[in-house]
Amino acid sequence: MVPSESQARRLALRFVIGIGLVSLFADFTYEGGRSISGPFLAVLGASPLLVGAVAGVGEFLGYLVRLFSGRLADRTGKHWVLMYAGYALNLLSVPALALAGGAWGASALIFLERLGKGLRTPARDALLSRAGKEVGHGRVFGLHELLDQLGAFLGPLGVAWLVAQGGYRLGFAWLLIPALLALAFLLRARGLEQAEAVHVGGNWERFPTAYYAYLTFATLGVAGFAHFQLIAYHLEVTHQVPAPTIPLLFAFAMGADALVAYAVGHLYDRYGLRMLLALPLLSLPSTPLFFLGQGLEVLALAAILWGGAMGLQESLMRSAVATLTPEAQRGTAYGLFDTAYGAAWMLGSLAMGFFYGIAPGYLVGFAVLLQLASVAFLLRFHTVLGES
């Protein structure tokens, strides 16, 4: 029996919420870990270049594997197999950091965590995009991002308390609990999916011009967007704030991320890719405030702007890919986009780590230059994007 329109909408929302609960506990785990991984590497004796490499190369490896996992999902329809394997690797690597004996061992675990996330993300987003046919892509990804970032907000808060009680290793160790909860909710979410997987061989050669225009804008912008691991490293080595305050700032950023993503998700279904015009207003000033600003108030403002920019990126990125590409090729589309996005973030993070070793002002100049380049590109192609 074919469900009515209202029933289909209800079932789609149940599935989105189910996956959202998985993401809530998953983000509690790995964003809680990421909020202290930069200063933890500093304590283990890592150089700023190594921290930049861990942030950038780790992100790139996580994004690179998405190209292959996305195509594999399209070709085989094995979305859930990829999700099970990816979530397990992604989540269990985080509490293992409590056992790391040195900077290189910790770096390897951070790489594994990113690889696991890359393995499962295109398959998950392809499944979520099908629910978007019933309730709107912006609403689906906005709601998912809200639940996702609720975990990203609570995780650093919990870690901040644990770090205050017993240091960084205690913070990592206790993240095993939400990791196991996320895996349990993942098993439950499998029974909520209603639509059958559609799969053909992925091929990105047929994607429209607007897809590539959006890809170029996003990669320019993210190359000039400082990774929080490098920000946290800066806060640790300059002793601007006590160690427990660093994950609190990250939690503050994730709260802004959640609120902005949810609001933008609803607005996207009305205004489409014109919402991109708001992104530079948040991303452009965040890096100068973090690396050149002084005082907790300035850092809190930087965290709000940084988190808001992340919320816009996460909500718009996934909604736009779903809008601009055919359903049967979504895994490939997400994989290709994520790989280019991750490569840009890696190169930008490596450059920022290098420039930070000279002086923070050089890092800020590099970041602002690339952000302005992304704005110029957006203004050049806003008509193409707005009509898509």
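Residues are numbered from 1 along each chain as its sequence is written, and side-chain values rest on heavy atoms, with hydrogens and water left out. Because the model is predicted, local features require pLDDT of at least 70 and side-chain atom pairs pLDDT 80 or more, whereas totals for chains, interfaces and linings use all residues.

The protein is divided into domain 1 (5–189) and domain 2 (209–386), with bounds from an automatic or database domain assignment, and the domain centres, taken over C-alpha atoms, are separated by 18 Å. Domain 1 brings 59 residues to the contact and domain 2 brings 53 residues, contact being defined as heavy atoms within 4.5 Å. Between them the domains bury about 4,500 Å², of which 68% lies on carbon and sulfur atoms; buried area here is the accessible area (1.4 Å probe) that two parts lose on being put together, summed over both. Of the area that domain 1 buries against domain 2, Pro48, Tyr63 and Glu145 supply 13%, more than any other three residues.

Across this interface the rule finds one salt bridge, that is, a side-chain nitrogen of Lys or Arg within 4 Å of a carboxyl oxygen of Asp or Glu. Asp338 forms a salt bridge with Arg66, in which the closest N and O atoms are 3.0 Å apart.

Among the elements that give two or more residues to the side of domain 1 touching domain 2 are helix H1 (5–43) and helix H2 (48–76), helices being DSSP runs (H or I, at least four residues) numbered from the N terminus. H2 gives the most to this side, with 18 residues.
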